[in-house]
Amino acid sequence: MFRKILIPLDGSELAEQALPAAMVLARQSHGEILLLRVPVFETAVMPAFGGYGVMYPDQSLEHSRAEAREYLKSKQQSVIAPEVACRALIVDGDVASAIVDVAKEENVDVIVMSTHGYSGVTRWVMGSVTERVLGDASCPVYVVRAPELPRHVMITLDGSEFAERALETGLEAAAMFGATVTLMGAVRQVNVSLLKEMETIERGMAQRLHDDMIKDVEEYLWRVAKRYHRDDVALMTATTIEPAATSILEYAETHDVDLLVMATHGRSGLLRWVYGSVTEKVLRGAKRSMLIVRAGKS
């Protein structure tokens, strides 16, 4: 499942936080690592006669490529284990587009990238690049926020078949990391005015509805856990109350979740947990790493 792994690097230590997790996946799957560098040409502002500023290229194209080659070579020698197949790629152009294009051309199984690295005055901001890659990449994207390997993985489910498409990928990653897994479902909130109206009809009706909704989610999670049982992964379930993004973030924070797994349709979002309103909020708000799985077209 993770036989070919793409790691975009911008030369910063923060971007290199993606390397440890990628190494584990490559070793466990006997796969190949592709190290990608997209040169970003820095500029310098020079004073000119009359007070006008003129911008000149600070580095030539060939110099930038040579620097990128040396950098990737050093990472191959110092970080990548000898038994792991590894190739270095240097591609010119827009960073996010280059990552997506290489992933497609190389038939990559997963992109593993950090979210906070940047290089030079042009500031290749990995956060914005990551969001663009998430919108266009057809393969899963592992967004790394810490160099430590995950020990507790949470897979979020909304009851749809599309959300469940993240299960196999998330469970396989958990098995490779030796991590436990929590399947998390959120109970939908019922309109307050409707609850009040129900109470006027029959006292306790609103509470019974709430209890039934919790039970439905718990039974759904139990069925999923039974269907996807693996001997090499310890599975647990958890039920929280919507709003989903807040519930996901709070649970991850209070239960030491290292890796959040979510399914998305890319630009069209999730079926119920819409990309813009949930995945994006979790991506920007979570301090944990995320594995985003492209479920398909809506």
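Guide: Here is a close look at helix 3 and the sheet beside it.

Bear in mind that this is a predicted model, where local features need pLDDT of at least 70, side-chain atom pairs count only at pLDDT 80 or more, and totals for chains, interfaces and linings use all residues. Residues are numbered from 1 along each chain as its sequence is written, and side-chain values use heavy atoms, with hydrogens and water left out.

Helix 3 covers residues 95-105; helices here are DSSP runs of H or I with at least four residues, strands are E runs of at least two, and both are numbered from the N terminus. At its start, a side-chain oxygen of D94 comes to within 3.5 Å of the backbone nitrogen of A96. Along the helix, V95, A96, A98, I99, V100, V102 and A103 are buried (under 20% relative accessible area, 1.4 Å probe, protein chains only). Just past the helix, N107 has a positive phi of about 55 degrees.

Now the sheet: ten strands make an open, mixed sheet in the order 5-2-1-6-7-12-11-8-9-10, where pairing takes at least two DSSP bridges. Strand 5 (85-90) and strand 10 (235-241) are at the edges with a single partner strand each, so one side of each has no neighbour in the sheet. Helix 3 packs on this sheet, touching strand 1, strand 2, strand 5 and strand 6 (110-114); touching means heavy atoms within 4.5 Å. The direction of helix 3 makes about 165 degrees with that of strand 1, using lines fitted to C-alpha atoms (for helices, over the stretch in contact) and angles from 0 to 180 degrees between N-to-C directions.

Technical notes:
Buried < 20%, exposed > 50% of the residue type's maximum accessible area, 1.4 Å probe, protein only. Polar contact = N/O pair within 3.5 Å; in protein donor to acceptor, adjacent residues only side chain to side chain.
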